[in-house]
Amino acid sequence: MMEYRLRRHDGEYRWVLDNAAPLFDPHGSFAGYIGACFDVTEFRRAEAERNVANDRLRLAMESGKSVGWEWDLKTNRDIWFGDLATIFGIPSNIYVGHVEDFRRSVHPEDRGLVWKAVKDAIESHSPYAAEFRVMWSNGTVRWVAAKGQFYYSAGGDAERMLGMAVDITERKDAEESLRRKEMELKEAQRLAGVGSWQWDPDTDTVVWSGELYRIAGRDPSLPAVNYKEHAQLYTLESWDRLQGAVETALLTGAPYELVLEMVRADGRHRWIMARGEAQRDSTGHVAGLRGTVQDITERKAAEEALSSVNGRLIEAQESERARIARDLHDDIGQRLAVLAVTLEHVKGLQPDASGEALSCLDALQEQTAEIITAVQALSHELHPPRLLHLGVLAAMRGFCGELSGQKNVEIDFRCENVPGSVPPDVSLCLFRVLQEALHNAVRHSRVRHFNVHLRGTGDAVHLTIRDEGVGFDVDAASRGLGLGLTSMTERLKLVGGELFVESQSTRGTTVLARAPVRRNEGAATRSRIAPP
């Protein structure tokens, strides 16, 4: 069985499905073939249109609050739709014009960048992506991140482009604000210096620099706080971590670098970066420690502010997912159900119809059922009802089963010691990590078998997704344009969790997410991309 194009006598090409089988005579000798050809041109066209619609839907979902566009490269007609008021300052939800209108709306300093990205995407047949500024007629400037896809003729010429753009002005402003604060902090450190210290453990003599006195809010005329009394300088959690690092440094000579919460003499709390290293005597034994203390309170505030913005963005994304899922289920799903019933009714009204007509109706019914199933699956993936009503364990097991059926892959899901009541925010976080990691693995690993393991360890839940596929460069992926690793990392940071990714070429990939079931509201959170 195979599909190919067949040229008719009038010069038109039609897609046909050719199905044949060999014939043998009574003696078992090959006698020829018997087969049939079916014209599937319209089906192929419908399939192509469906793919375009799916691409448009996918881009819209990835972009969130956004505008979309469709560019006809033959006529240069450009159609914009969506939140045009926010991005372009156009008081309408749709705009039809010329591509030159878009060119004029791009900030003059960014036009070269945008058209170079367009040209590169056309020549390489790769997706288009760019971040640039849009300037309104009144001088207002907005930042947008745009992604698009070109569609080509049989001859390889670009004919049409579909794309979505999302407003990232707030993100750019936050990045610029953070950059300014970092520059100010560096300048302040250069001007004011960084506090330094030395400690002789034999005599418990501690020496501080003047800047360390200032950071700690202590009177420089008084002796430095000795190590035995250092607990008064930190919160209990920070002191426990510092004490452990100091003991290890004395035993092994290993340096340390810790973010600690310091309690100043006036009772105020400051975040510091504490670094220490061993000092050895002539025989190589550790004779003391020395190090620096750097006030990073402003940086921590900026990180928390940025984390707060990321949290609100994720909450908005979940809200939008829920809305789209409701629309799919309550509107489009119901319409499709009515269509299925109508088709069944029409089929009953035509008892004497030809076999071909009934076959067409059967095919339409089958396609309608498949679309209903796909819409239901998409709705559940956007806003999983199992997660809300049955918990994270049932939701993950169900998702693995559904994805296995949809993608024709094998997913081995195992669980052990999972707490009966996982906080809703942790459940949603781990479920989204599972979705992102498994989708990426199915799409890129080039293998058909995957392992998922969910386990509890008393105060935390661990989720592991593993494959033995082609692997990838984790550092390059973290620095790239993709949002998968960033999204998983930010989600876990919001619940006080961590993300670890280990991958090597041809040796597979392991994604490990760890989230606390019980956590202190004031505890610092960490997230990193590294092997556990």
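At what distance from the ring centre of tryptophan 271 does lysine 300 lie? I found lysine 300 over the face of tryptophan 271, at 4.4 Å from the ring centre. For such a charge I required NZ of Lys or CZ of Arg within 6 Å of the ring centre and within 35 degrees of the ring normal.

This is a predicted model, in which local features need pLDDT of at least 70, side-chain atom pairs count only at pLDDT 80 or more, and totals for chains, interfaces and linings use all residues. Residues are numbered from 1 along each chain as its sequence is written, and side-chain values use heavy atoms, with hydrogens and water left out.

I looked up arginine 44 next. Its charged end sits over the ring of tryptophan 15, 3.8 Å from the ring's centre.

Then I turned to aromatic pairs. I counted rings of Phe, Tyr and Trp (its six-membered ring) as paired if their centres lie within 6.5 Å; planes under 30 degrees apart are stacked, over 60 edge-to-face, the rest tilted. The whole structure holds 14 such pairs. Tryptophan 80 and phenylalanine 102 have ring centres 6.3 Å apart and planes at 85°, so I logged the pair as edge-to-face. Tryptophan 80 is buried at 5% relative accessibility, and phenylalanine 102 is buried at 14%. Buried means under 20% relative accessible area, exposed over 50%, partly exposed in between (1.4 Å probe, protein chains only).

Phenylalanine 399 and phenylalanine 431 are also edge-to-face, at 5.7 Å centre to centre and 70° between the planes. I noted both phenylalanine 399 and phenylalanine 431 as buried.
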